[in-house]
Amino acid sequence: MTNKYFEDEEIVENDLFYVCYMIERVARKLHQHNKYVVNAIGYDELYHLISVANVLHSSNPEQVEEDWINEYKLNEGDFDITIVDKELCDKIPSELDMGKVYSRLIVDTALPDEDYVSGIIRVYNNEICETIDNYNGSAYYEPSYVIARAYNEGGF
């Protein structure tokens, strides 16, 4: 995928990882599902964000959260991903952990000629995210090839 602003620069997997990480941060802060954040921002703005990810990654993540919330007029919700059964989940994965899970899933299940932004929208709108984001289960810490296979087969 080519950078929106610099046509001789390619967007790399690390840029995708950063955007997935920030989607997770913003969703958690707002008590929303990741899908909400992705759909509210939309393709064009996600393309902008992934194109500037190599610069934004050196910014304060809390400030980037606030910027995304304000710029895209994202609203507070009532979904708290961190509420888990302590007997089933003793450690909630971090935003970085989940950014890695989702960026790998996007890459591992990429369709022919699909760009990263289309992959973000495709994956975050798939029902499998409900299973991955249920930390009372084990889906989120399965090896990436297992998660990709589950995605391709329609579930775990």
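These legends describe close-up views of cavities, pockets and helix contacts in a predicted model. In this predicted model, local features need pLDDT of at least 70 and side-chain atom pairs count only at pLDDT 80 or more, while totals for chains, interfaces and linings use all residues. Residues are numbered from 1 along each chain as its sequence is written, and side-chain values use heavy atoms, with hydrogens and water left out.

**View 1. The largest cavity and its lining.** A cavity is a set of points, on a 1 Å grid over the protein atoms alone, where a 1.4 Å probe fits but cannot get out; lining residues have an atom within 4 Å of a point. One cavity of 30 Å³ or more is counted. The largest cavity holds about 40 Å³ of space, a volume being the space filled by probe spheres set on the points, which are joined across faces, edges and corners. Its lining consists of Glu24, Ala27, Arg28, Gln32, His33, Asn34, Phe79, Ile81 and Asp133. Helix H1 (residues 13-30) gives the largest share, three residues; helices (H or I, at least four residues) are DSSP runs numbered from the N terminus. By class, the lining of this cavity has three nonpolar, three polar and three charged residues. Ala, Val, Leu, Ile, Met, Phe, Trp, Tyr, Cys and Pro count as nonpolar, Asp, Glu, Lys and Arg as charged, and the others, Gly among them, as polar.

**View 2. The largest pocket.** A pocket is an open set of grid points with protein on both sides within 12 Å along at least five of seven lines. The volume of the largest pocket is about 210 Å³. Residues lining the largest pocket include His33, Asn34, Lys35, Phe79, Tyr124 and Asp133. At least two lining residues come from each of helix H2 (34-51) and helix H7 (128-132). The lining of the largest pocket divides into three nonpolar, five polar and four charged residues.

**View 3. The second largest pocket.** This pocket has about 150 Å³ of space. Of its 15 lining residues, Asp97, Val101, Arg104, Tyr140 and Glu142 lie nearest its centre. Helix H5 (95-108) and helix H8 (144-153) each supply at least two residues of the lining, and H5 gives the most, with seven. Nine residues of the lining are nonpolar, one is polar and five are charged.

**View 4. The contact of H5 with H8.** The axes of H5 and H8 come within 9 Å and cross at roughly 60°; axes are lines fitted to C-alpha atoms over the stretch in contact, and angles run from 0 to 180 degrees between N-to-C directions. H5 and H8 are therefore oblique to each other. Angles under 35 degrees count as roughly parallel, over 145 as roughly antiparallel, 65 to 115 as roughly perpendicular and the rest as oblique. Val101, Arg104, Leu105 and Asp108 of H5 meet Ser144, Ile147, Ala148 and Tyr151 of H8, where contact means heavy atoms within 4.5 Å. Five of the contact residues of H5 with H8 are nonpolar, one is polar and two are charged.

**View 5. The packing of H1 with H4.** H1 and helix H4 (residues 61-71) pack at an angle of about 70°, and their axes are 10 Å apart. H1 and H4 are therefore roughly perpendicular to each other. Among the residues that meet are Tyr18, Met22 and Val26 in H1 and Pro61, Glu65 and Trp68 in H4. The contact of H1 with H4 has eleven nonpolar, no polar and five charged residues.
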